[in-house]
Amino acid sequence: MGEERKRGKPLVLVASPFQGHMTPMLQLGSVLHSKGFSITMVHTKLNSPDHSNHPEFEFFVISDNFLAIDASANFTTFLEALNDNSKKQLQDHLARKMIEEKGRDDIDGRITIIHDNIMYFVEEVANNLGLPSIVLRSSSASYMPAFLALPKLHAKGHLPVKDSMLQELVPELHPLRYKDLPFNSTPTEVATEMFALSDRIRTPSAIIWNTMEHLEHSALTRLRQHYRVPIFAIGPLSKMVRCPSTSFLKEDTDCISWLDKQAPRSVIYVSLGSLATMDETELAETAWGLANSKQPFLWVVRPGSVCGSEWVEFFPEGFTEEIKGRGLVLKWAPQKEVLAHFAVGGFWSHCGWNSTLESISEGVPMICRPVMGDQCVNSRYLSYVWRIGLELEQLDRKVVVSAIRRLLVDDEGKEMRQRAIEMKEKAKYCLCNGGSSYKSLNDLVGFLQIQTG
Ligand code: UDX
């Protein structure tokens, strides 16, 4: 195994400890390994992926003292600590690796680093060592123009957004409304810190985006003009190579046999990803909305995702009895398998970019309930541009019942499903010989071969 691994040109991939970022980085590693590169996956001790799932990689673990990611804590403080803690460890490791690689005739000690955008310290390390660095972006491309516009909107006094402005379109960011802007309610001081952090990535050699050219062409065009480095739109990464589970939490696979017993396209799958949380009232409205819809449902309630509780202690009285046989609540699902299952007719999602791409890849229409960051932008595109998602305007049990029935029972939902299936076909085509992601991956491979000498 070790011998075989050593043959490819060396790439070092630096992942971040967020599930929604780790997954595409591992997938990218598997894709590039299949193209003949030798992959070292660098990650923090916090939220370590399961090494045994990836015998094709070497791993380097950055030690840290983080216990968990606290979604309610100051995000920029956490990111700074994460980056500061990692810098010296990675630099020392790479310096050693460069000496090792120099011993090989064909390589000349040249390594290319691909890093998660959140791990911005890598750029400094790469510059210190004279190595090229490439950024992997795991959010949508359409989010970025909105994010880049924030400082200006902020300077004009448009942020945090006033209630009276929420429904208005943002000039130059069509089709986004002020309510779709990321961080639209973030207090001024926090927003300023965030803009400063995002400025840390200045000189990548290239950017890889987990997306498809046809899906986000206009945003990608804008970003190519902005960054002036090659941008490779390669996605959906989840469909490019068979990659074993990338989950930090154990996937409850029993739900698949439960799904096997349900009618085709009858189940609503509910999951808010790895970070989003809800309060007790939102939990109750979700629970009764699901129960009253009379449709079967599969609901992921991540441990700790209901504020102030370990898991489902705050379920409303009578709910568990009411849903017996019709609803299944679990801690973490094998999501890609669930979305591919014949029984799933809709996905109620927070619209994280991985979830969005996974739903598109399986032709599953969505109920969109974004919580933060790029999710509001994704939700707008899903509902208004691609028209395969229903915006859930209010987390109220009656509104939930109506949304579920519109999606799973009404003609409106059937039309959305038809469009979703067409998008699935286009996504498949993207990955075939001649498709845009296929070509873009080959371009990236060529680019990496030049970088690694
Ligand atoms: C975060 C951001 O929220 C997201 O918007 C950004 O684009 C990437 O980082 P997250 O909130 O976790 O990610 O959402 P998402 O991007 O959808 O990623 C969640 C991943 O966890 C998906 O790959 C999904 O398949 C997986 N998942 C989720 C499971 O495997 N099982 C589950 O039960 C729930």
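The following questions and answers explain how terms are applied to this predicted model.

User: How are residues numbered, and what limits apply to the predicted model?

Analyst: Residues are numbered from 1 along each chain as its sequence is written. In this predicted model, local features need pLDDT of at least 70 and side-chain atom pairs count only at pLDDT 80 or more, while totals for chains, interfaces and linings use all residues.

User: How many helices and strands does the chain have, and what counts as one?

Analyst: The chain has 16 helices and 13 strands. Helices (H or I, at least four residues) and strands (E, at least two) are DSSP runs, numbered from the N terminus.

User: What makes the chain as compact as a globular protein of its length?

Analyst: The radius of gyration is taken over C-alpha atoms, and the globule rule is 2.2 Å times the number of residues to the power 0.38. For 453 residues the rule gives 22 Å, and the chain has a radius of gyration of 22 Å, so the chain is as compact as a globular protein of that length. The C-alpha trace spans about 65 × 55 × 45 Å along its principal axes.

User: Why is Ser63 called exposed?

Analyst: A residue is buried if 20 or more other C-beta atoms lie within 10 Å of its own, exposed if 12 or fewer, and partly exposed in between, with C-beta atoms placed from the backbone. Ser63 has 10 C-beta neighbours inside 10 Å, so Ser63 counts as exposed. Ser63 lies in the loop between strand E3 (58-62) and helix H3 (75-102).

User: What does Ser63 touch, leaving aside its neighbours within four places in sequence?

Analyst: Ser63 is in contact with Lys45 and Gln89. Two residues are in contact if their C-beta atoms, placed from the backbone, lie within 7 Å.

User: Why is Ser245 called partly exposed?

Analyst: Ser245 has 17 C-beta neighbours inside 10 Å, and therefore counts as partly exposed. Ser245 lies in the loop between strand E7 (231-233) and helix H8 (254-260). Not counting residues up to four places away in sequence, Ser245 touches Asn53 and Glu251.

User: How do you know that helix H13 is mostly covered?

Analyst: Nine of the eleven residues of H13 (residues 375-385) are buried. Among them are Cys376, Val377, Tyr381 and Leu382. The buried residues of H13 pack against H5, H12, strand E12 (366-368) and strand E13 (389-391). Across the chain, 45% of the 453 residues count as buried.

User: Is Lys294 buried or exposed, and what is its phi?

Analyst: Lys294 has 11 C-beta neighbours inside 10 Å, so Lys294 counts as exposed. Its phi is positive, about 65 degrees. The place of Lys294 is in the loop between helix H9 (280-293) and strand E9 (297-300).

User: Why is helix H5 called oblique to helix H7?

Analyst: Helix H5 (residues 143-155) and helix H7 (residues 217-227) pack at an angle of about 50 degrees, with their axes 8 Å apart. Axes are lines fitted to C-alpha atoms, for helices over the stretch in contact, and angles run from 0 to 180 degrees between N-to-C directions. Angles under 35 degrees count as roughly parallel, over 145 as roughly antiparallel, 65 to 115 as roughly perpendicular and the rest as oblique. That is why H5 is oblique to H7. Met144, Pro145 and Leu148 in H5 meet Ala219, Arg222, Leu223 and His226 in H7.

User: Why is helix H14 called oblique to helix H15?

Analyst: Helix H14 (residues 397-408) and helix H15 (residues 411-431) pack at about 60 degrees, with their axes 5 Å apart. That angle makes H14 oblique to H15.
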